[in-house]
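Subject: Structure for your review

Dear colleague,

I am passing on the structure below, and I would be glad if you could look through it alongside my notes, which follow directly after it.

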Amino acid sequence: MLDAQVTKAPPSLLYMVKQVELVVRSHLDDLVRPSGITALQYTALTVLERHDGLSAAQLARDSFVTAQSIADLVRSLEGRGLVRRERNPRNRRELLILLTDAGRELLSQYAGPVRELEERMVRDLTAHQTEQFRQALIKAWHALS
């Protein structure tokens with residue numbers, strides 16, 4: 001009888017955010033797999049699409065991977081012709097990572113399907129709720145950054 005009276009606490013927000021992240025990553029992996037890349041590689045390409053010419057350290061931070069794993073990720077993308085590296089003219093010791101035309105084409109190819117995935121994620125929300133969700137995520141990210 002005691003169990004019937006005890007109400008379970010809802011899952012923590014951290015747990016729920018992780019659940020969403022894992023399911024999004026799984027769907028994104030399935031979506032981009034035919035192109036021979038992973039969700040993490042796709043994410044790195046989208047980061048370069050917004051801010052081309054980043055250092056490996058900055059790309060790692062913005063792509064949510066460790067500095068150690070970005071080297072393998074970039075090497076793989078470079079081998080596929082999706083990114084290139086060139087010396088930073090302001091700091092010759094630093095290599096910048098740039099998106100190639102082939103990388104831009106791949107992103108263009110997946111723009112629609114990725115947008116559909118995002119729309120599926122928020123399909124039960126109104127446009128106003130979706131914008132509130134976006135703003136809440138931005139505020140949560142800023143609070144922890």
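Buried residues, meaning those under 20% relative accessible area with a 1.4 Å probe and protein chains only, make up 27% of the 145 residues in the protein. Please keep in mind that this is a predicted model, in which local features need pLDDT of at least 70 and side-chain atom pairs count only at pLDDT 80 or more, while totals for chains, interfaces and linings use all residues. Residues are numbered from 1 along each chain as its sequence is written, and side-chain values use heavy atoms, with hydrogens and water left out.

As to secondary structure, the protein has seven helices and three strands, taken as DSSP runs (H or I of at least four residues for helices, E of at least two for strands), and from the N terminus their order is α-α-α-β-α-α-β-β-α-α.

On overall shape, the radius of gyration, taken over C-alpha atoms, is 19 Å, whereas a compact globule of 145 residues would have one near 15 Å by the rule of 2.2 Å times the number of residues to the power 0.38. The C-alpha trace spans about 70 × 30 × 30 Å along its principal axes.

Of the contacts (heavy atoms within 4.5 Å) between residues at least 6 apart in sequence, 46% join residues at least 24 apart.

Finally, UniProt, in an unreviewed entry, places the feature "domain: HTH marR-type" at residues 10–142, an annotation that may be inferred rather than shown by experiment. That span is 68% helix and 13% strand, and its end C-alpha atoms lie 24 Å apart.

Conventions:
Buried means under 20% relative accessible area, exposed over 50%, partly exposed in between (1.4 Å probe, protein chains only).
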